[in-house]
Amino acid sequence: MTAPPRSEAEAEAEDYRAVHLAKGAHYDSHLAEAPFDRYMATWERRHLPSIVRRLFPHGPKRHLDFACGTGRITETVAPLAEQSVGVDISPTMLQEARRKCPRTRFERVDLTSEDPDLGTFDLITSFRFFGNAQESLRDAVLRALVRRLAPGGHLVINSHRNPHALFVWTQRLTGGGTGGMDLHLPKLRRLLRRHGLRISALQPIGAWMYRDRLMTGTEPDGELARRNEARFGAPWLAAIAPDVIVVASRQ
Ligand SMILES: C[S@@+](CC[C@H](N)C(=O)[O-])C[C@H]1O[C@@H](n2cnc3c(N)ncnc32)[C@H](O)[C@@H]1O
């Protein structure tokens, strides 16, 4: 979970586009092996269907999963949508996604530099992307996604590298750093606002986890997790949660 610290300049110099090009074969198993990644993935999968049904009681017509990777989120949302499209620039990640979601159309494309004929979408998802991507890529992606958002459409993303998460404050008190994480909630809100989007709903995950040991030692399906996710799931706790699902809509 804790990455070595990197400065803002280093993060900007490193193009996130290249990071997963060859990682497809191992991405899912790495996620499953890292306890807190597994925790977040479990709770994201648990919350997403009800978030989508709340936004689209009859299901979204057209869904785009941007930076779909191995189809982790695609396979949760696609069954709820009439049509689903996944895009990513990594051929190895897409290979896994195609295997998991045979009904979904997948395209190897970078929407920040190419303009394929994909049409517009009522629902666009993008998970484990914005917290990792450098600032200029975040902006370029949002510019591209907003153009593809149909009127009345919604963007549902997550932010899983929050430097204001409770456990990071605890780490700081004991001399630790933020591991290069920079996307706290006010910054994400400003980023979305720059692209004409406002946050309309927030679902925090793990807001109660105030130290590393809880994050690495909590069974996602256990009683403690269920009780505390219910107790600490209020939107205002998103500011201190290590992971948050964000619904954004046009201002
Ligand atoms: C951490 S993975 C997340 C995959 C998936 N969304 C998930 O939540 O498991 C990030 C993905 O972003 C993709 N990516 C990075 N830059 C991209 C770009 N400009 N266009 C499309 N995909 C991109 C990478 O190839 C990688 O598959």
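Predicted model: local features only at pLDDT ≥ 70, side-chain atom pairs only at ≥ 80, totals over all residues.
View 1. Residues are numbered from 1 along each chain as its sequence is written, and side-chain values use heavy atoms, with hydrogens and water left out.

**View 2. Backbone atoms of Ala-67 and Phe-127 also reach the ligand.** For Ala-67, a backbone N or O atom lies 2.7 Å from a ligand nitrogen. For Phe-127, a polar backbone atom is 3.0 Å from a nitrogen of the ligand. How much of the ligand's own accessible area does the protein cover? It covers 99% of the 590 Å² that the ligand has on its own (areas by the Shrake-Rupley method with a 1.4 Å probe; for residues, only the protein chains shown count as cover).

**View 3. Here is the shell of residues around the ligand.** There are 18 residues around the ligand, and Tyr-27, Ala-67, Arg-72, Asp-88 and Phe-127 come nearest (near means that a heavy atom of the residue lies within 4 Å). The shell splits into 10 nonpolar, three polar and five charged residues. Nonpolar covers Ala, Val, Leu, Ile, Met, Phe, Trp, Tyr, Cys and Pro, charged covers Asp, Glu, Lys and Arg, and the others, Gly among them, are polar.

**View 4. Seven strands make an open sheet.** Their order is S3-S2-S1-S4-S5-S7-S6, with mixed pairing (strands are DSSP runs of E, at least two residues, numbered from the N terminus; two strands pair if DSSP finds at least two bridges between them). At the edges are S3 (105-108) and S6 (197-205), each pairing on one side only. Strand S1 (residues 62-66) runs parallel to S4 (residues 121-126), with three bridges between them. Leu-64 stands opposite Ile-124 in S4.

**View 5. Strand S7 (residues 243-250) is largely enclosed by the rest of the structure, because seven of its eight residues are buried.** Buried means under 20% relative accessible area. S7 runs antiparallel to S5 (residues 149-159), with six bridges, and Ser-159 has Val-244 as its bridge partner. Eight bridges join S6 to S7, also antiparallel, and Gln-203 stands opposite Ile-245.

Terms used:
Polar contact = N/O pair within 3.5 Å; in protein donor to acceptor, adjacent residues only side chain to side chain. Helix = DSSP H or I, 4+ residues; strand = E, 2+ residues; numbered from the N terminus. Buried < 20%, exposed > 50% of the residue type's maximum accessible area, 1.4 Å probe, protein only.
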